[in-house]
Amino acid sequence: MTKSDLNAVRQILESQLKEAVPTRALRESIFIDQVADPVDMTQQAGEREMAVHNINRDTTLARRLRAAIERLSEGSYGVCLECEEYIAPKRLKAIPWAELCIRCQEAADRLAGGSKAGTFTTDRMKAA
Ligand SMILES: [Zn+2]
């Protein structure tokens with residue numbers, strides 16, 4: 001990758017990171033809104049659950065994005081964390097924060113099985 005390629009990647013990662021970091025307002029919406037009306041309770045609980053789900057998902061993504069930006073700074077970006085082979089450029093284009101090459105990712109997905117964390121990874125990573 002050329003230096004300008006890396007700069008372009010960094011910009012993509014940083015703008016995605018900005019979107020992925022849960023806003024303070026969203027966090028607070030989970031903890032306030034205690035309603036007295038029992039009819040509203042069910043709906044509120046559903047919304048809270050959804051917000052928690054979104055925050056968890058965004059936090060995972062934000063962590064991956066930050067790690068990718070760190071690897072850019074260290075000069076280890078685009079190298080598989082597992083086998084240390086270069087990750088295919090096509091895969092990096094689809095998933096700029098990819099940590100593993102497709103082979104290691106598939107192995108990791110098999111290990112993760114049907115766990116919740118694994119499902120997130122699988123959904124995102126299968127795009128490549
Ligand atoms: Zn690998």
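Modeller: Before we start, a contact here means heavy atoms within 4.5 Å. The model is a predicted one.

Colleague: Leaving aside neighbours within four places in sequence, which residues is Glu99 in contact with?

Modeller: Glu99 sits in the loop between α4 and α5. With its neighbours within four places in sequence set aside, the contacts of Glu99 are Arg64, Ala67, Arg71, Val79, Cys80, Leu81 and Ile87.

Colleague: Is Glu99 buried or exposed?

Modeller: The cut-off for buried is under 20% relative accessible area. Glu99 has 17% relative accessibility, so Glu99 counts as buried.

Colleague: And Glu84, is that residue buried or exposed?

Modeller: Glu84 is placed in the loop between α3 and α4, and its phi is near 65°, a positive value in a residue other than glycine. Exposed means over 50% relative accessible area. Glu84 is at 63% relative accessibility and therefore counts as exposed.

Colleague: Which atoms are the protein donors of the zinc ion?

Modeller: The donors follow the spacing C-x2-C-x17-C-x2-C along the chain. They lie 2.3 Å from the zinc ion and are Cys80 (SG), Cys83 (SG), Cys101 (SG) and Cys104 (SG).

Colleague: What arrangement do the 4 donor atoms make around the zinc ion?

Modeller: Four donors count as tetrahedral if all angles lie between 85 and 135 degrees. The 4 donor atoms here subtend angles of 105 to 117°, so the arrangement is tetrahedral.

Colleague: How many residues apart in sequence are the parts that Cys83 and Cys101 tie together?

Modeller: Cys83 and Cys101 are both among the donors of the zinc ion. Cys83 belongs to the loop between α3 (38-74) and α4 (89-94), while Cys101 belongs to the loop between α4 and α5 (102-112), so the pair ties together parts whose separation in sequence is 18 residues.

Colleague: Of Cys83 and Cys101, which is buried?

Modeller: Cys83 has 30% relative accessibility and so counts as partly exposed. With a relative accessible area of 8%, the buried residue is Cys101.

Colleague: What percentage of the residues of the chain count as buried?

Modeller: The chain has 6 helices and 0 strands. Its accessible surface comes to about 8,800 Å², and carbon and sulfur atoms hold 54% of that. Of its 128 residues, the share that counts as buried is 30%.

Colleague: Among contacts between residues at least 6 apart in sequence, what percentage join residues at least 24 apart?

Modeller: The elements run α-α-α-α-α-α from the N terminus on. For contacts between residues at least 6 apart in sequence, the share joining residues at least 24 apart is 56%.

Methods
Residues are numbered from 1 along each chain as its sequence is written. This is a predicted model: local features need pLDDT of at least 70, side-chain atom pairs count only at pLDDT 80 or more; totals for chains, interfaces and linings use all residues. Side-chain values use heavy atoms; hydrogens and water are left out. Helices (H or I, at least four residues) and strands (E, at least two) are DSSP runs, numbered from the N terminus. Buried means under 20% relative accessible area, exposed over 50%, partly exposed in between (1.4 Å probe, protein chains only). Accessible areas come from the Shrake-Rupley method with a 1.4 Å probe; for residues, only the protein chains shown count as cover. Donors are N, O and S atoms within 2.8 Å of the metal (3.2 Å for Na, K and Ca); water is not among the atoms, so sites may look incomplete. Four donors count as tetrahedral if all angles lie between 85 and 135 degrees; four count as square planar and six as octahedral if opposite donors are over 155 degrees apart and all others between 65 and 115; anything else is irregular.
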